[in-house]
Amino acid sequence: MLDITTLDSCQFQMKINHPFVVVIGPEGSGKKTQSRKVAESRERQFIAIEGKKENIESLTAIADLSVPTTICIYDYSEMSKYAINALLKTAEETPENMDLVLCSRTNDILGTMRSRAQVVKMSLFSEEQLR
């Protein structure tokens with residue numbers, strides 16, 4: 001697991017190399033922002049959606065897959081078990097032109113989800129970093 005502070009955004013962008021990424025960190029740590037920057041640096045379309053079952057089941061309809069796309073799904077800690085199951089199925093059958101980024105405020109990601117993903121942990125600035 002990568003452990004990155006918000007100051008290391010360049011490191012975050014360089015280390016992401018998997019089509020399914022789980023980004024864990026407190027609110028305000030830049031999970032969605034960094035995911036967007038990675039997509040932009042790779043010239044990918046970026047779409048952020050809430051982690052609802054119906055959204056996840058229709059990912060291929062939401063995205064124009066004729067262009068490379070990064071889908072950012074938030075927030076795992078708020079997702080129902082039905083949405084999580086739909087995401088597991090989607091992660092197993094992700095179209096070649098699509099990357100998935102799952103954002104979570106908590107570290108309680110299912111083991112089956114972790115085993116299919118690159119996991120990145122982000123944290124807020126420390127008091128010393130702010131000085």
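This is a short tour of a predicted protein model. Residues are numbered from 1 along each chain as its sequence is written. In this prediction, local features need pLDDT of at least 70 and side-chain atom pairs count only at pLDDT 80 or more, while totals for chains, interfaces and linings use all residues.

**The whole chain.** Display the protein as a cartoon. It has seven helices and six strands, taken as DSSP runs (helices: H or I, at least four residues; strands: E, at least two) and numbered from the N terminus. From that end, the order reads β-α-β-α-β-α-α-β-α-β-α-β-α. Of the 131 residues, 42% are buried, that is, under 20% relative accessible area with a 1.4 Å probe, counting protein chains only.

**Strand β2.** Next, select residues 20-24, which form strand β2. Five of its five residues are buried, so this strand is largely enclosed by the rest of the structure. Show the side chains: F20, V22 and I24 point one way, whereas V21 and V23 point the other way.

**A charge over a ring.** Finally, select K32 and Y74. The charged end of K32 sits over the ring of Y74, 4.1 Å from its centre; the criterion is NZ of Lys or CZ of Arg within 6 Å of the ring centre and within 35 degrees of the ring normal.

Technical notes
Side-chain values use heavy atoms; hydrogens and water are left out. Buried means under 20% relative accessible area, exposed over 50%, partly exposed in between (1.4 Å probe, protein chains only).
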